[in-house]
Amino acid sequence: MKWFCFAFLLLLFHLGLCHVSMAVSGEKNQRKTYIVHMSKSEMPASFEHHTYWYDSSLKSVSESAEMIYTYEQVIHGFSTRLTPEEAVQLESQPGILSVLPELKYELHTTRTPEFLGLDKSADLFPESDSESEVVIGVLDTGVWPESKSFIDTGLGPVPSSWKGECESGANFSSSNCNRKLIGARYFAKGYEATMGPIDESRESKSPRDDDGHGTHTASTVAGSVVQEASLFGYAAGTARGMATRARLAVYKVCWLGGCFSSDILAAMDKAVDDNVNVLSMSLGGGMSDYYRDSVAIGAFAAMEKGILVSCSAGNAGPSPYSLSNVAPWITTVGAGTLDRDFPAYVSLGNGQNYSGVSLYKGSSLPGKLLPFVYAGNASNATNGNLCMMGSLIPAKVAGKIVMCDRGMNARVQKGAAVKSAGGAGMVLSNTAANGEELVADAHLLPATTVGLKNGDAIKSYLFSDPNPTATILFEGTKVGVRPSPVVAAFSSRGPNSITPEILKPDLIAPGLNILAGWAGSVGPTGLAIDSRRVDFNIISGTSMSCPHISGLAALLKAAHPEWSPAAIRSALMTTAYTEYKNKAKLQDIATGKPSTPFDHGAGHVDPVSALDPGLIYDLTANDYLDFLCALNYTDSQITSLARKSSTCDAGKKYSVSDLNYPSFAVNVDTTTQTGSSAVFKHTRTLTNVGSPGTYNVSVSPQIAGVQISVQPETLSFSKVNEKKSYTVTFTVSSQPSDPNGFARLEWSDGKHIVGSPIAVTWNS
């Protein structure tokens with residue numbers, strides 16, 4: 001399915017992941033921003049400091065070019081504006097590893113703690129000093145510091161390890177920070193180099209969030225407890241972040257025109273230097289090799305410093321191969337639903353009622369049925385059914401309920417188009433691209449969204465009745481919806497297009513219709529015509545699921561400060577669930593069928609179980625370097641990522657399948673397979689982080705055409721941190737009709753279940 005980019009950033013968060021694009025300026029000399037990776041170890045002795053060397057190298061190809069940023073932590077190098085010819089010339093200079101064009105990234109745009117079981121687990125997640133020592137960095141659109149979610153009541157002094165700052169700027173001063181929001185920075189040099197000066201009449205050149213997205217993600221990850229939170233009375237209750245006592249540091253990298261990689265790298269550089277413990281990034285762009293992907297490069301350095309990096313998987317689902325942020329040192333998060341809904345029924349003149357969802361709050365429709373019209377029959381435009389602004393004929397819609405189809409423009413903007421033409425209400429129907437997934441919106445007029453099946457049934461009535469009528473009945477908030485969770489249709493899917501042998505996404509978390517804090521300068525729809533102001537908003541996207549995992553990672557870091565980022569991710573993945581309590585498999589809302597590891601990864605997060613996983617799969621920076629060698633990366637490509645000279649051992653056999661990852665992906669190339677069968681071996685090492693015990697292995701279900709064996713079948717651990725290895729052998733004899741097969745490997749001691757998803761794919 002296709003997803004489209006819109007001018008309003010909020011639409012990006014709701015509707016999908018825009019394609020990554022080269023950040024190209026309109027200058028006559030066609031200068032572009034490039035990120036220059038330097039081999040610091042090759043700096044000539046004649047230079048007192050590496051910045052002098054950087055400047056000298058740059059001036060050797062361009063007297064007028066200036067450095068935008070210099071980078072110290074996540075890469076060694078700088079960003080600058082060059083012509084393509086100058087970039088080629090610079091790349092040939094000694095000590096230059098690569099000169100890569102800047103990329104533009106886009107954002108991937110409460111009941112949750114109860115749904116995850118955190119409300120019942122105060123004894124498991126005590127409000128200890130250790131949690132308040134954890135600092136979570138959020139790269140996004142900034143922060144609205146006045147939000148109640150950032151009140152610092154009950155928090156002690158700022159952690160002594162903190163080295164960050166609270167930067168002043170337009171509509172923001174250092175006094176806006178406190179013991180909850182301990183850091184705030186903004187990065188716009190890369191954006192302005194390409195797009196021109198920030199339009200300060202539309203957004204603040206400071207850490208202040210004028211969009212809402214950054215405030216929403218920051219309050220989701222670590223917002224303080226706020227009583228009586230709601231959006232217009234919907235989802236009423238207590239709002240709280242995942243790690244309510246953790247500290248927040250906000251890095252504003254996204255502006256109206258997007259998020260530029262030179263700014264993202266600069267923010268990650270500062271975050272590492274500031275001593276954050278977790279980085280949450282609800283953004284992404286395209287699918288590049290790791291040494292060309294700024295997020296992957298920055299995340300590698302963060303991982304080396306013990307910082308877990310959590311990123312959204314993207315909103316380009318349910319298309320396969322649609323994932324972003326797939327580097328194995330990044331935790332990649334897809335989206336699922338909650339057990340909460342906001343029903344709004346369409347009642348037709350024939351007596352039939354059809355369910356939908358809405359967050360509308362305002363003047364009610366008259367207590368009677370109103371004339372009902374299809375937008376395609378009330379417009380002279382070829383795509384009149386989409387309810388674009390100005391496309392409807394007022395005489396044909398005035399006083400009527402209008403049925404519009406989803407697609408092209410924002411859902412809430414369709415309602416605005418109906419309202420401006422004099423319509424009384426709107427029924428918005430999903431198309432095949434969206435299926436039965438229902439995203440609730442705070443519409444500007446009485447409106448509801450219905451799924452594809454209900455939409456088709458309503459249209460059947462609309463087209464067959466000579467005088468169709470309808471009304472909309474709003475039912476408020478409903479909890480206990482089953483089944484839940486289900487995988488959201490928009491959530492990006494595997495396989496992993498960069499390294500198919502690494503199964504992604506890693507896991508899913510709540511991402512549909514999530515209530516969290518909002519910016520006070522923008523309405524809940526994000527539309528300029530929306531004059532309403534709210535303290536909390538309900539929006540959807542993998543942007544929302546990512547901070548859930550970031551906050552839960554902070555809780556695990558507080559409980560187990562000695563755990564590495566890989567250990568924390570392993571605990572979250574191996575304890576995730578793939579079945580409901582009735583033993584039925586997790587569902588995919590896009591298909592109405594059971595979801596697969598390409599949809600949900602290891603499963604849906606279960607934070608209470610993750611506290612005590614029993615065993616973990618750990619990884620070090622050297623393991624990832626071996627992984628890069630297995631990908632046949634060149635020395636300079638590896639050095640770009642590792643920031644130090646690294647050479648693969650020509651005498652060593654490297655295998656991608658031996659990366660100690662908590663999942664298994666087998667790719668069978670049928671074009672090169674010889675003989676009656678092919679054998680694939682994956683070796684893994686488990687570390688005991690629980691009590692002594694003996695674990696037995698099981699694999700189910702059987703995959704057609706594949707024999708899976710595990711040796712040894714039993715692992716006994718007598719002490720903490722003891723390590724034991726095992727090998728999984730996949731013997732593939734034939735290709736079944738379905739090119740993808742899935743199973744699950746579990747180690748259990750009777751108390752713990754350490755689960756890993758398995759995916760086998762036949763490529764022809």
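## Burial and the model

A residue counts as buried when its relative accessible area is under 20%, as exposed when over 50%, and as partly exposed in between. By that rule Trp-329 and Tyr-624 are both buried. The structure described here is a predicted model.

## Aromatic pairs

The structure holds 18 aromatic pairs. In one of them, Trp-329 and Tyr-624, the ring centres are 5.7 Å apart and the planes stand at 80°, so the pair is edge-to-face. This pair links distant parts of the chain: Trp-329 sits in the loop between strand 16 (308–312) and strand 17 (331–336), while Tyr-624 belongs to helix 17 (residues 621–630), 295 residues apart. Ring pairs also join Trp-329 and Tyr-624 with Tyr-290, Phe-300 and Phe-627 in a cluster.

Tyr-360 and Phe-474 form another pair, with ring centres 5.5 Å apart and planes at 40°, so the arrangement is tilted. Tyr-360 lies in the loop between strand 20 (353–354) and strand 21 (370–374), and Phe-474 in strand 25 (residues 469–474), so the pair ties together parts that are 114 residues apart in sequence. Tyr-360 has 8% relative accessibility and therefore counts as buried, whereas Phe-474, with a relative accessible area of 30%, is partly exposed.

## Charges over rings

Arg-208 lies over the face of Trp-144, at 4.5 Å from the ring centre. Lys-724 lies over the face of Phe-717, at 5.6 Å from the ring centre.

Four strands make an open sheet in the order 3-4-2-5, with antiparallel pairing. Strand 3 (67–71) and strand 5 (96–101) stand at the edges with a single partner strand each, so one side of each has no neighbour in the sheet. From one strand to the next the twist averages 20°.

Strands of a sheet pair through backbone hydrogen bonds, in either the parallel or the antiparallel sense. Here, strand 2 (residues 32–38) pairs with strand 5 in the antiparallel sense over five bridges. Within that pairing, His-37 stands opposite Ser-98 of strand 5.

## Helices on the sheet

Helix 3 (residues 84–91) packs on the sheet and touches strand 2, strand 4 (77–82) and strand 5. The direction of helix 3 makes about 160° with that of strand 5. Helix 8 (residues 261–274) lies across strand 2, strand 3 and strand 4, and runs at about 35° to strand 3.

## Helix 9 against helix 18

The axes of helix 9 (residues 294–304) and helix 18 (residues 635–642) come within 8 Å and cross at roughly 60°. Helix 9 contributes Ala-296, Ile-297, Phe-300 and Glu-304 to the contact, and helix 18 contributes Ser-640, Leu-641 and Ala-642. These contact residues divide into five nonpolar, one polar and one charged. Phe-300 of this contact is also a member of the aromatic cluster with Trp-329 and Tyr-624.

## Cover around helix 18

Helix 18 is mostly covered, with six of its eight residues buried. The buried residues are Gln-637, Ile-638, Thr-639, Ser-640, Leu-641 and Ala-642. What covers them includes strand 2, strand 5, helix 9 and helix 17. Helix 18 is followed by Arg-643, which has a positive phi near 65°.

Notes:
Residues numbered from 1 in each chain as written. Predicted model: local features only at pLDDT ≥ 70, side-chain atom pairs only at ≥ 80, totals over all residues. Heavy atoms only, no water. Pairing = 2+ DSSP bridges. Helix = DSSP H or I, 4+ residues; strand = E, 2+ residues; numbered from the N terminus. Axes fitted to C-alpha atoms, helices over the stretch in contact; angles between N-to-C directions. Contact = heavy atoms within 4.5 Å. Nonpolar A, V, L, I, M, F, W, Y, C, P; charged D, E, K, R; others polar. Phe/Tyr/Trp six-rings, centres within 6.5 Å; stacked < 30°, edge-to-face > 60°. Buried < 20%, exposed > 50% of the residue type's maximum accessible area, 1.4 Å probe, protein only. Lys NZ or Arg CZ within 6 Å of the ring centre and 35° of its normal.
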